[in-house]
Every structure is written in C-alpha cells, then in structure tokens.
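Dear colleague,

Please read them with the sequence and the coordinates open beside you.

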Amino acid sequence: MGKIVIDPLNRVEGHLKIEAVVENGVVKEARSSGTLWRGLENILIGRNPLDAQRITQRICGVCPTAHSTASTLNLDSAFGIAGNIPDNGRIMRNLIFGCNYLQSHILHFYALSALDFVDVVPVANYSGNDPDLVQVKSFIARGSLSPFFPRYEGDYRLKKDENIAATKHYVEALKMRMITHEMLGIFGGKMPHNMAMVPGGVTERPTVDKIADFRWRLEKVRYFIDNIYLPDILLVASRYPDYFDIGRGVGRYMSYGGFELDTNPDLTKRKRLFPNGRTDINTLKLLDFDPSKITEDVKHSWYKSGSHLHPSEGETDPDFHKKGAYSWLKAPRYDGKVHEVGPVARQLIAYLHGVPQTVQNVDAVLKAANLQPQKLASTLGRHAARAIEAKIVADEMANWVLQLKPGEPVHAHFEIPKEAEGMGISEAPRGSLGHWISIKDYKIANYQAVVPTTWNGGPRDDSGEPGPFEQALEGTRVKDEKNPFELVRIVRSFDPCLACAIHIITPKGKEIGKFVVGA
Ligand code: NFE
Ligand code: MG
C-alpha cells in the first residue's frame, strides 16, 4: 500500500494538497486539503454594506466578477430592491459576468489543464514559421520550461502535428483572455475587480460606440470557441475516451441558477439562462432546490465553531490543532448530502429544464463524441460541459448586447436599511456561489460566502462522507505511482480555485494566535 501526495496540485491558486492511499494500484482513500488560511472576509465586519462588492471581489483574481455578482445580488436582496433593477442594469451585469465566464473557461482548458493531454515537446523541433510557435520554440530553447514543466510523464496520445496545433491554440487562448478582459472593461471599467456592478444595477451607461466595441471583440471570441475550443475538446475526447469513465464522482448535482432573464425579487423563482435545481446522474430526474437546506459541516475542518450551520448563521473560528481535521475548507452540504457543482451540474439541470440552447449544444457534442448523457459525469465530461456553456454564454451575450437601450436607466434608487438580511445566489464559472449578509445599525454584522470550490474540494462531512474531489479520486486505477497523471487530470477537471474556497470570515475581535482580528 502506497501513499501519493500531490502538493501543490494547481497551476494557479496553488494551495491544494491531494493525498491518495493506493492499494493494488487503485486509490482506496483520498483526501483533499486546502492548506492556506486567508481570513479575508474579517475585513467586512463592521463596514458599510456597499464595501461588500468591492472587498469580496478580492477573494479571487480569476473569478472576481462572480463575487461581485453574488454580492450585488445579496445587497439588492438586503436593500429590498431586487425587483427594481432596470433592464439595462440587468443586461450589463450579465455581459460583465459573461466576459468573466469566457475568460475563465478558456483559461482553464488551455492554460490550466490542456497540458495534461497535450505534449509541447514537439514544438522544440518546430521547423515552420508560425510566429506564435516560433516564439514558444525560442522560449523553450532559452531554458524557460515553466509553465510547461515540471509535469507527470507517460500518457500523451495526440499526434505530433496535433500537439503542435494545440500549442498554437494555447497561445491564441491567451489572446482571447486579453480580449475578454478588454470587453469586460468596456462595461465594467476594468478587470480584475470591476467597478460598475452596484446594488440597483450598474454605474456604466450604454452607448452605441460601446455596444459596437463590445460586439466585434465578442465575435472573435465566438469564432475561437466554435472553431478551436470545441474542436480541441472533441479531439481530446477522441484520443482519451477512457476519461469519460475516469473520475466520475458523487453523481449528485446542484445549480443555484445564473444569468438573469428577469428581475423577480425571489432569486429561486427568477428566470435565468441556467435555471436552478438538482439531479442525480443515475435517474436524471429534475429535483427541487431550496437554499434553506444549505449547511456547512466542519468536523474535518480546522474550525472549532459550530457544525451543520446554515450560512446565514455561519461561524468561522479557526483551530489549527483540531484532531481529525485536515483542511481549511468547510464541507458544504444540501439537505445533509454532498453535491457536485459546476458546468456539468448546470448543463444537466438546464437540459432537464428543456433550455433550448443547452439541449441543442449538449446533444450536438454527445452525438459528435458518440456518448450517452451519463458520461458527462467524468473527467472529460467536465471539460466538455465547460466548452458547451462557453458557447452558450457567448452566443447569448451577442443577443444581450443588442438589447441595451442607450439613454434609458441603468440603476435603481436604494437606501441602506438599519437592519436587514440578504442572500445572493448565482453560478460562478466553477459552480454554485452564495453570499449571505446580515446588516445591523447600517453596518455589516455578518457576511458568509459558500463557494464552488468549497462544495467540490471540501473534506469529509460530519457523517464521514468524502467530498466530490475525494469521491472522484477513490476507485481510480493508477498505472505508475510516481507519475499519477490520472489523479491530477481528475482534480483539474473540476477547475479548482483554492483562493475562492478558503475565503473565510473571521469575526472582528477574534484572537488568532498572536493577532486580534480588526485590532
Ligand atoms: Ni477563484 Fe470562483 C469561480 C468562485 S471558485 S475561481 O468560478 O466563486 O471556487
Ligand atoms: Mg464561507
């Protein structure tokens, strides 16, 4: 029996450690551990509620827009104005958030995980004159091997020309990332950490110039998704078909729903591009979603605060010496049960709701890869679902931007209430994201976030059931324990972001070691 330790696992947001106990070549037990304490949200306590949108974005540089979306929905709800958002504000929020989705999904496939399937070594001997590839070749020749190495060896299956083409796409993906950031800047001011999303709507005004600027850039990104990203996913799918059976995971899925199509003040009833719900991969029946059933367990997390609490009454009291604990992530559960969140969850649930864009695109990809829907519950299923929804979001953005009405309102009036509770639930690129606020005496009295990578990467719950990463790893056959490429492929398919997962509120005045929070 051997133990594999992969630490750090990620190509960014690195503080994720995976431990796998292997018996007869198969993972018998896996542990996912967030190894960094951040304590970022403690800054929120006692502040003006409007600061939430600014500060929570700093949880992450990859998906700050997800946190600005969840926090503005949270403040809309606490201020009692969720039903008053003007169409221009609703649409510009979708566009700003959509840009972040596109950059995040493209970044994830090409920069953070494609190198698990693509071998860049053939580019060292490239003899053509493509300027991007010539640059990569000279970069390698200078001995600059990062970010391509170190890596696990032994299972690269694309042909030489395919590896070279995919490396070219890696470079093009970086340009797409730049374009989506520029697009986000048009309506959001800047990326990361947009300045435009505020309770009531946005601060930016649409003009014909901005709409045109946005739209031509979006067309480049749509071309890349349709002609490069989706075909690359299908190519990898054709060469690594066993990865539609590897890394299946818990099989229970949940989506809070995201991208606002109306302004129903009840977020659970609001019409959204990706609707809310739950499902099980074995039955594929649509199940209900009720946010009051969300709780967080901490038996195996380094906290001495209460376990199984709803986020509206969440506590975060660190205890690094706690026995039996092995992660700074909590273990979120719905109705006491573990759920995977993310693109597979969103697309399965949207499919079961009959969302036409999802049905059409999921059917097309399943047909092209000759797969049953159940195969989406897998390592490559996660990559495929992510590419499908990049296309859906990009195509919808092309419609939304033309629905903006220059000269019409972008923002609804609000007043900060003396006392209020709020909830902002949405879908970040990596899955379901919720923010909860409690306001007392016009200030933030408590603020809790439950984040996608906390759902997927969290440890065992109080009943001992492992989290989604852990369950996806358990039962996996490892060919060579020194090169556990199967395990990194599985976990990276979830697109882990530990910066998000370990955001953590600490109440003001709390002593942590020698420090007193907020003192
Ligand atoms: Ni830091 Fe994030 C997304 C959020 S993930 S990337 O997507 O919220 O846990
Ligand atoms: Mg939290």
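To begin with a single side chain, is F148 buried or exposed? F148 is buried, because its relative accessible area is 6%, where buried means under 20% relative accessible area, exposed over 50% and partly exposed in between, with a 1.4 Å probe and protein chains only.

Before the rest, please note that this is a predicted model, in which local features need pLDDT of at least 70 and side-chain atom pairs count only at pLDDT 80 or more, while totals for chains, interfaces and linings use all residues. Residues are numbered from 1 along each chain as its sequence is written, chains are lettered from A and ligands numbered from 1 in the order in which they are written, and side-chain values use heavy atoms, with hydrogens and water left out.

The metal site comes next. The nickel atom of ligand 1 is coordinated by C60 (SG), C497 (SG) and C500 (SG), at 2.2 to 2.4 Å; donors are N, O and S atoms within 2.8 Å of the metal (3.2 Å for Na, K and Ca), and sites may look incomplete since water is not among the atoms. The four donor atoms around this nickel atom subtend angles of 100 to 116°, which makes the arrangement tetrahedral (four donors with all angles between 85 and 135 degrees; four count as square planar and six as octahedral if opposite donors are over 155 degrees apart and all others between 65 and 115, and anything else is irregular). C60 lies in the loop between α1 (51-57) and α2 (64-79) and C500 in helix α13 (residues 498-501), so the pair ties together parts that are 440 residues apart in sequence; helices (H or I, at least four residues) and strands (E, at least two) are DSSP runs, numbered from the N terminus. The iron atom of ligand 1 has a single donor from the protein, C63 (SG), 2.3 Å away, and 3.3 Å separate this iron atom from the nickel atom of ligand 1.

Turning to the aromatic side chains, the structure holds 23 aromatic pairs (rings of Phe, Tyr and Trp, the last by its six-membered ring, with centres within 6.5 Å; planes under 30 degrees apart count as stacked, over 60 as edge-to-face and the rest as tilted). The rings of F97 and Y101 have centres 5.3 Å apart and planes at 90°, so this pair is edge-to-face, and both F97 and Y101 are buried. F139 and F148 also form an edge-to-face pair, 6.3 Å centre to centre with 85° between the planes, although F139, at 26% relative accessibility, counts as partly exposed.
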